Amino acid sequence: MSLRLIRAGSLSSDTAQTGGMQRSAAISGELVGAQALWMGRTVVAPGTSSGDHHHGASETGIYVVSGNPVFVFREPSSGSLIRLETQPGDYVWVPPHVPHREENPSPDTEAVVVIARSTQEAIVVSVPGL
């Protein structure tokens with residue numbers, strides 16, 4: 001097996017999606033033969049929130065490239081909604097099976113993040129609420 005270069009313009013939108021955001025796959029089992037990793041980019045348009053969702057048994061690591069996305073989840077011990085307000089250069093870890101959503105409060109700037117998952121495919125499970 002050889003290293004693969006995936007150019008920004010060759011990402012695939014043929015991957016699991018959540019309303020309010022656009023995911024593009026760069027590294028997956030289907031695209032490059034990855035066996036234990038999925039990686040891609042997500043864009044959340046200005047003034048938009050994603051649907052509530054989780055990623056099954058997959059761990060997710062998120063790197064904020066641009067914009068100021070907000071990651072919202074419910075704290076299990078208190079039941080309170082928690083809002084993680086991010087900026088470029090920040091990282092967010094999402095444990096398996098934790099419902100969350102991404103929000104982009106900016107009225108004019110999209111939020112772009114890079115996502116890595118501990119599975120070779122993008123698992124997305126929509127949920128009715130947090």
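These legends go with a set of close-up views of one predicted model.

Numbering starts from 1 along each chain as its sequence is written. Because the model is predicted, local features need pLDDT of at least 70 and side-chain atom pairs count only at pLDDT 80 or more, while totals for chains, interfaces and linings use all residues; side-chain values use heavy atoms, with hydrogens and water left out.

**View 1. Asp-52, Arg-83, Arg-101 and Glu-103 are linked in a network of salt bridges.** A salt bridge here is a side-chain nitrogen of Lys or Arg within 4 Å of a carboxyl oxygen of Asp or Glu. By that rule the count comes to three. Start with Asp-52 and Arg-101, whose side chains meet at 3.1 Å, N to O. Asp-52 is in the loop between β3 (48–49) and β4 (53–54) and Arg-101 is in strand β9 (residues 100–104), so this pair ties together parts that are 49 residues apart in sequence. Strands (E, at least two residues) are DSSP runs, numbered from the N terminus, and so are helices (H or I, at least four). Then look at Arg-101 and Glu-103, where the closest N and O atoms are 2.8 Å apart.

**View 2. Arg-83 forms a salt bridge with Glu-103.** The closest N and O atoms of this pair are 2.7 Å apart. Arg-83 sits in strand β7 (residues 81–85) and Glu-103 in strand β9, so the link spans distant parts of the chain, 20 residues apart. Glu-103 counts as buried because its relative accessibility is 12%. Arg-83 is partly exposed, at 42%.

**View 3. Strands β6 and β7 form a hairpin.** Strand β6 (residues 70–74) runs antiparallel to β7, and the two pair over five bridges. Strands pair if DSSP finds at least two bridges between them. Arg-83, from the salt-bridge network, turns up here too, as the bridge partner of Val-72. Six residues lie between the two strands, and Gly-79 in the turn has a positive phi of about 80°. Ile-82 is also found in β7, and it is partly exposed with a relative accessible area of 28%. For a sense of scale, Ile-82 and Leu-31 are 51 residues apart in sequence and 35 Å apart in space, C-alpha to C-alpha.

**View 4. The rings of Tyr-63 and Tyr-91 make a tilted pair.** A search of the whole structure finds one aromatic pair. Its ring centres, those of Tyr-63 and Tyr-91, are 4.9 Å apart with the planes at 50°, so the pair is tilted. The rule takes rings of Phe, Tyr and Trp (its six-membered ring) with centres within 6.5 Å; planes under 30 degrees apart are stacked, over 60 are edge-to-face, and the rest are tilted. Tyr-63 lies in strand β5 (residues 60–66) and Tyr-91 in strand β8, so the pair ties together parts that are 28 residues apart in sequence. Strand β8 covers residues 91–94.

**View 5. Tyr-63, Val-65 and Tyr-91 form a nonpolar patch on the surface.** Together they have about 320 Å² of accessible area, by the Shrake-Rupley method with a 1.4 Å probe, where for residues only the protein chains shown count as cover. Patches take residues with over 30% relative accessible area and no salt bridge; nonpolar side chains (Val, Leu, Ile, Met, Phe, Trp, Tyr) are joined within 5 Å, and like charges within 9 Å. Tyr-91 is exposed at 65%, and Tyr-63 is partly exposed at 31%. Ile-62, also found in strand β5, counts as buried at 4%.

**View 6. His-97 has a positive phi although it is not a glycine.** The value is about 65°. Most residues other than glycine have a negative phi. His-97 is found in the loop between β8 and β9, and counts as partly exposed at 49%.

**View 7. Arg-117 lies over the face of Trp-38.** The distance to the ring centre is 5.1 Å. The rule asks for NZ of Lys or CZ of Arg within 6 Å of the ring centre and within 35 degrees of the ring normal.

Methods: Buried means under 20% relative accessible area, exposed over 50%, partly exposed in between (1.4 Å probe, protein chains only).
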